[in-house]
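The structure is shown first, and the description follows.

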Amino acid sequence: MGELTTSDGVRLVYRDTGGDGSPLVMLHGWGQTQEMFRHQLAGLAPTRRVVTLDLRGHGVSDAPHHGYRIARLAADVADLVDHLGLDRFDALGWSMGASVWWSFIDQYGTGRIRRFVVVDQPAAVAAVPWMTVEEQQASGAIFDVATLLTLGAALAGPDGERARYDFVRGMFSGDPDPEILSFVAEQIKATPAHAAVPLLFDHCAQDWRDVLPRIDVPTLVLGCDGSHVHPRSQQFIARQIPDAQLYVFPSTVANSHFPFLENPKAFNSAVNAFLSKE
């Protein structure tokens, strides 16, 4: 484990396996931690250098009372790759972590990114009124603005822990593995409401559709049939990013928003095959 201090004075905790080859920087989703990628550290690190990070307000990183915006998280990642001296690296973002990479690309470009993996994240989360129904469906919008406000109020309220559990449970189809559900529900407890609520609001307010056509590095888009994120949103992303590849895990392989936990062998195989290309 290592630590760095961001440009605005926040202590972040990361893990760097220090292996050979092109580094892979992996970013977790909202309310989760770098522990999400425990199977990837074991399954990918033997053949490459893997770097994971607890974003601000998550895991064991500091949770200050400022900076809970996707753009600031992208700046934190820029601080991380600068801290590690990574001039060239592969990038993987799952859920909100993909949005952080989209913001990174929007602000800093793709010059340092060799290959890019997007895992189960809509291009726009909120179904805002100025989008047509067709645009909402294609972009993968999960809920409308009123539902987002209600969720934020519940997360910040006296029964916030229950609201977090229900939110996590909704990311699984059918009957989830009790151990995986328990693990995910426990990780989300590390993010306090003062961080979780404004960040979720900012995250869901973003629309990354204009960034996608400007991504000019080899990209793999991964979806999952059993996820609450509909696979058509991943199909849309793959169409918008020039020459992107798409793979959707069937529900017989993984049945949730967490394919890397449910079936790490299949997930690692797909990521390794893509990253191993020259």
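In the pair H6 and H7, Tyr-165, Val-168 and Arg-169 of H6 are in contact with Leu-181, Val-184 and Ala-185 of H7, where contact means heavy atoms within 4.5 Å. By class, the residues of this contact comprise five nonpolar, no polar and one charged. Here Ala, Val, Leu, Ile, Met, Phe, Trp, Tyr, Cys and Pro count as nonpolar, Asp, Glu, Lys and Arg as charged, and the others, Gly among them, as polar. The model is predicted: local features need pLDDT of at least 70 and side-chain atom pairs count only at pLDDT 80 or more, while totals for chains, interfaces and linings use all residues. Residues are numbered from 1 along each chain as its sequence is written, and side-chain values use heavy atoms, with hydrogens and water left out. Helices (H or I, at least four residues) and strands (E, at least two) are DSSP runs numbered from the N terminus.

**Helix pairs**

Two packed helices are described by the angle between their axes and the distance between the axes. Axes are lines fitted to C-alpha atoms, for helices over the stretch in contact, and angles run from 0 to 180 degrees between N-to-C directions. The axes of H6 (residues 160–169) and H7 (residues 178–187) come within 10 Å and cross at roughly 135 degrees. The two helices H6 and H7 are therefore oblique to each other; angles under 35 degrees count as roughly parallel, over 145 as roughly antiparallel, 65 to 115 as roughly perpendicular and the rest as oblique. The crossing of H6 and H7 is right-handed, a term used if the near helix is turned clockwise from the far one by less than a right angle.

Gly-160, Ala-163, Arg-164 and Val-168 are the buried residues of H6. Buried means under 20% relative accessible area, exposed over 50%, and partly exposed in between (1.4 Å probe, protein chains only). Viewed down the axis of H6, these buried residues fall within an arc of 135 degrees, so they line one face of the helix; the arc is that of the directions from the helix axis to the C-beta atoms. They pack against H5 (145–156), H7 and H8 (193–205).

For H2 and H3 (residues 96–108), the axes come within 8 Å and cross at roughly 75 degrees. H2 and H3 are therefore roughly perpendicular to each other. Among the residues making the contact are Ile-70, Leu-73 and Val-77 of H2 and Met-96, Trp-101 and Phe-104 of H3. The contact of H2 with H3 has 12 nonpolar, three polar and no charged residues.

**Individual residues**

Asp-79 lies in H2 (residues 70–83). Leaving aside residues up to four places away in sequence, Asp-79 touches Leu-4, Thr-6, Ser-7 and Arg-72. Glu-3 belongs to strand E1 (residues 2–5), and its C-alpha atom is separated by 4.6 Å from that of Val-13, 10 residues apart along the chain.

Asp-120 has a positive phi of about 55 degrees although it is not a glycine; for Asp-243, likewise not a glycine, phi is about 60 degrees. Asn-263 and His-39 are 224 residues apart in sequence and 9.3 Å apart in space, C-alpha to C-alpha.

| Residue | Relative accessibility | Class |
|---|---|---|
| Asp-79 | 18% | buried |
| Asp-120 | 1% | buried |
| Asn-263 | 22% | partly exposed |
| Asp-243 | 77% | exposed |
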